[in-house]
Amino acid sequence: MGDFHGNDLYAKGVDALENDHIYLALSCFEQAAYLKKTPLCCSYLAYCLAKVRGQYPEAISLCQGALKEDPDNPLHYLHLGRVYAMAGQRMKALSILRQGLRCDDTSEILRELTQLGERKHPLFPSLSRNHPLNKYLGLALSKLGIR
């Protein structure tokens with residue numbers, strides 16, 4: 001009975017997340033993880049914890065554990081990448097999302113990668129990125145299609 005109830009809570013949490021009911025999803029995944037701690041449930045729970053409560057270290061740990069148990073599931077890479085992005089660790093997020101693409105090129109991972117984007121190197125590395133030479137010369141060269 002507990003296993004069936006856990007699966008029901010998991011399905012309800014995924015449905016809530018798809019409909020942007022993040023607090024309901026968090027509650028469902030917490031209860032489902034309490035009943036049966038599966039890698040997929042932990043991955044979703046980690047994403048919700050990061051999004052709602054900002055508990056990034058715990059969320060990263062949960063996602064990494066899920067990824068170790070089930071390394072072929074692209075959802076784990078997606079969730080871990082999103083958590084890293086929310087935690088302000090953009091380069092780690094990009095790296096994890098690219099690893100997820102090697103596993104399976106789902107449209108969610110591609111969308112997340114394009115949303116995060118990737119910055120080009122500054123024209124003059126010895127100057128800061130915000131220096132007027134780097135900033136305006138980079139913009140001008142981009143408009144001309146040279147960069």
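Analyst: Helices are DSSP runs of H or I with at least four residues, and strands are runs of E with at least two, numbered from the N terminus. The model is predicted, so local features need pLDDT of at least 70 and side-chain atom pairs pLDDT 80 or more, while totals for chains, interfaces and linings use all residues. Residues count from 1 along each chain as its sequence is written, and side-chain values use heavy atoms, without hydrogens and water.

User: Where is the place of Glu112?

Analyst: Glu112 sits in helix H7, residues 107–116.

User: What does Glu112 touch?

Analyst: Contact means heavy atoms within 4.5 Å. Leaving out residues up to four places away in sequence, Glu112 touches Leu78, Arg82 and Leu97.

User: How do you know whether Leu113 is buried?

Analyst: Leu113 also lies in helix H7. Its relative accessible area is 14%, so Leu113 counts as buried. Beyond four places in sequence, Leu113 contacts Leu94, Leu97, Arg98 and Leu101.

User: What makes H4 and H5 roughly parallel or roughly antiparallel?

Analyst: Axes are lines fitted to C-alpha atoms, for helices over the stretch in contact, and angles run from 0 to 180 degrees between N-to-C directions. Under 35 degrees is roughly parallel, over 145 roughly antiparallel, 65 to 115 roughly perpendicular, and the rest oblique. The axes of H4 (56–69) and H5 (74–86) come within 9 Å and cross at roughly 160°. H4 and H5 are therefore roughly antiparallel.

User: Which residues make the contact of H4 with H5?

Analyst: From H4, Tyr56, Ala59, Ile60, Cys63, Gln64, Ala66 and Leu67 take part; from H5, His76, Tyr77, His79, Leu80, Val83, Tyr84 and Met86.

User: What makes a set of residues a nonpolar core?

Analyst: Its members are buried Ala, Val, Leu, Ile, Met, Phe, Trp, Tyr and Cys residues, joined through side-chain atoms within 4.5 Å. The largest such core has 30 residues, and Leu17, Phe29, Leu45, Cys48 and Leu80 touch the most other members. H3 gives the largest share, 9 residues. A second, separate core has 5 residues, including Leu78, Leu94, Ile109 and Leu113.

Notes. Buried means under 20% relative accessible area, exposed over 50%, partly exposed in between (1.4 Å probe, protein chains only).
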